[in-house]
Amino acid sequence: MQLIVNGENLKLQDGLTINGLLKEKDVKTPDMVSVELNGQILRRSEFETTELKEGDNVEFLYFMGGGK
Amino acid sequence: MSLTEQQIERYSRHIILDKVGGKGQEKLLSSKVLVIGAGGLGSPAILYLAAAGVGTLGIADGDKVDLSNLQRQIIHHTEDINVSKVESAVNKVREINPDVDVRIYRTHVRAENVREIIRDYDFIIDGTDNFAAKFLINDACFFEGKPFSHGGILGFDGQLMTVLPGETACYRCVFGYPPSPGSVLSCSQAGVLGVLAGVVGSLQATEAVKYILDEGDLLTNKLLTYNSLKMNFRKIDIKKNPECPLCAENPEIKQLKDQPQPVCNSERKITR
């Protein structure tokens, strides 16, 4: 299926969950990411259960705590 | 308020802009902006806001200048090492622009003091270095109804968003709760490109100036992300989250609370 992940078109296997996509994208600290799916912020508990569909638009929004 | 001849010359490159003019410059001179954290983000923000003639500039920080700060915290100079950051910053502001009334708060913001500190200001800039402070500032600005700019940096990446509390998506609408301390990589562990802080802090100052002038489009309901390696700027649409623990209809958070968090700063120990 085709997905848009952080603005880039990607072809990925069907049935992938958010957690699967985080692994696929080699995100080492999923705790440091908020995930927006088609404009909605997902609950963390939904990462395991939410299956992605053709054309979904996913944004990984990283926690950035630095400033000094 | 009317501008003196000296002020007309000092701010001439502002005044000549049709979206600023004498009126806009007077707005800036009568405005009050608070910068929390006189570090990587705070340094350029304070310098530009002072130069712009923001009439009252608050600076809050509880740290002293450390040698390892100077790679990016451009308001502090080598001779300022071991001087408190607010004192170091206030000296530079006075050198840049005597029009500015600087108010200093030599403290870290905490649940017990933050509402009082921000209360008198029109716009707040979050230039802090840890999640406890970032969430606290978001919550305090919500309770006090203060617009603010969130900024964050790590490695080669930065982000910012502007929040008009109650009206637009807040920091918690996107990020909910602070991440578990164990998963937080600090700047001293991860490093940070010095000039990155300059880019993001300058963008935060731009938002403050636009808010005061009431011109242009604020970075509300958007998260701007910046990757300096790819030179990519992306504006990601966000919206108020109906499950936000702070600004949704039945919020979980009804008052300010301190949260122990590791800091993104090399001179202090990382607590886990």
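Predicted model: local features only at pLDDT ≥ 70, side-chain atom pairs only at ≥ 80, totals over all residues.
S1 of chain A covers residues 2–5. S5 of chain A covers residues 57–62. The two run parallel, and two bridges join them.

On to the other partner of S1(A). That is S2(A), joined by four bridges, and here the strands run antiparallel. One pair to look at is A:Leu3, whose bridge partner in S2(A) is A:Leu10.

Back to S5(A). Strand S3, residues 33–37 of chain A, pairs with S5(A) over five bridges, in the antiparallel sense. Look for A:Ser34 there: the bridge partner in S5(A) is A:Leu61.

So what is the strand order of the sheet? Reading across chain A, the order is S2-S1-S5-S3-S4. The sheet is open, has five strands, and its pairing is mixed. Which strands sit at the edges? Strand S2, residues 8–11, and strand S4, residues 40–41. Each of these pairs on one side only.

A general point while we look at strands. In a regular strand, side chains alternate between the two faces of the sheet.

Next, chain A as a whole. Along the sequence, the pattern is β-β-α-β-β-β. That comes to one helix and five strands.

How does the radius of gyration of chain A fit a compact globule? The chain has 68 residues, and a compact globule of that length would come out near 11 Å. Chain A has 12 Å, so the two agree. Along the principal axes, the C-alpha atoms fill a box of roughly 40 × 25 × 20 Å.

Burial next. Of the 68 residues in chain A, 50% are buried. The accessible surface of chain A is about 3,500 Å², and carbon and sulfur atoms account for 46% of that.

Contacts, too. Take the contacts in chain A between residues at least 6 apart in sequence: 55% of them join residues at least 24 apart.

And charge. Chain A carries 8 positive and 12 negative side chains. The centres of the two sets lie 6 Å apart.

Most residues other than glycine have a negative phi. A:Asp26 has a positive phi, near 60 degrees. This residue is in the loop between helix H1 (18–24) and S3 of chain A. Is A:Asp26 buried or exposed? Exposed, because its relative accessible area is 51% and the cut-off for exposed is over 50%.

B:Asp214 also has a positive phi, about 60 degrees. Find this one in chain B, in the loop between helix H10 (194–213) and strand S7 (222–227). B:Asp214 is exposed, with a relative accessible area of 64%.

Last stop, strand S5 of chain B, residues 148–154. B:Ser149 lies in this strand. At 0% relative accessibility, B:Ser149 counts as buried. What does B:Ser149 touch, leaving out residues up to four places away in sequence? Its contacts are B:Phe123, B:Ile124, B:Ile125, B:Asp126, B:Leu160, B:Met161, B:Thr162 and B:Gln204.

B:Ile153 is in strand S5 of chain B as well. B:Ile153 has 0% relative accessibility, so it counts as buried.

Notes:
Residues numbered from 1 in each chain as written. Chains lettered and ligands numbered in written order. Heavy atoms only, no water. Rg over C-alpha atoms; globule rule 2.2 N^0.38 Å. Buried < 20%, exposed > 50% of the residue type's maximum accessible area, 1.4 Å probe, protein only. Contact = heavy atoms within 4.5 Å. Areas by Shrake-Rupley, 256 points an atom, 1.4 Å probe, with all protein chains shown as cover. Lys, Arg positive; Asp, Glu negative; His and termini not counted. Charge placed at Lys NZ, Arg CZ, Asp CG, Glu CD. Pairing = 2+ DSSP bridges.
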